[in-house]
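Have a look at the sequence and the structure first, then read on.

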Amino acid sequence: RSSSPRMLDDISDLTVSNLEGSSVTIESLLDDGSTTILSCLSHFGDFNAWEKTQQYVSAVDAGRIAPDCKIVLVGIGSSESA
């Protein structure tokens, strides 16, 4: 299911830190033409965030999410915690 262009316009300029600690825009994470799941987590140290991440890994392993689908997790916390 696709998000509305309006919603993407609303968040495209937001910046987040990637795993290397560099600032990137949400648009740069979503703008490569690939199918992407954008999941907003409370924070990386939270058990629910860990559980959701494990569900994504299991879904990819079981073939419920295509292996070429990009999964972007956004949450509060350091790159080390992610």
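This is a predicted model: local features need pLDDT of at least 70, side-chain atom pairs count only at pLDDT 80 or more; totals for chains, interfaces and linings use all residues.

| Cysteine | Relative accessibility | Class |
|---|---|---|
| Cys40 | 63% | exposed |
| Cys69 | 15% | buried |

How confident is the predictor? The protein chain has a mean pLDDT of 82, with 89% of its residues at 70 or more. Among its elements, strand S2 (residues 23-25) gets the highest mean, 92, while helix H1 (residues 5-11) gets the lowest, 71.

Now for the inside. Six residues form the largest nonpolar core: Val16, Val24, Ile26, Leu29, Val72 and Val74. Helix H2 (26-30) and strand S4 (70-76) are the elements that each give two or more residues to this core. Pick out Leu29: leaving aside residues up to four places away in sequence, Leu29 touches Val16, Val24, Thr36, Lys70 and Val72.

Next, helix H3 (residues 47-61). Its 15 residues reach 21 Å from first C-alpha to last, close to the expected 21 Å. Buried in H3 are Ala49, Tyr56 and Ala59. Looking down the axis, these buried residues fall within an arc of 85 degrees, so they line one face of the helix. They pack against strand S3 (36-43) and S4. The face turned away from the buried side carries the exposed Phe47 and Asp61. After H3 comes Gly63, with a positive phi near 85 degrees.

How values were computed. Residues are numbered from 1 along each chain as its sequence is written. Side-chain values use heavy atoms; hydrogens and water are left out. Buried means under 20% relative accessible area, exposed over 50%, partly exposed in between (1.4 Å probe, protein chains only). A nonpolar core is a set of buried Ala, Val, Leu, Ile, Met, Phe, Trp, Tyr and Cys residues joined through side-chain atoms within 4.5 Å. Helices (H or I, at least four residues) and strands (E, at least two) are DSSP runs, numbered from the N terminus. Contact means heavy atoms within 4.5 Å. pLDDT is the predictor's confidence in each residue, from 0 to 100. The expected span of a helix is 1.5 Å times one less than its number of residues. The arc is that of the directions from the helix axis to the C-beta atoms.
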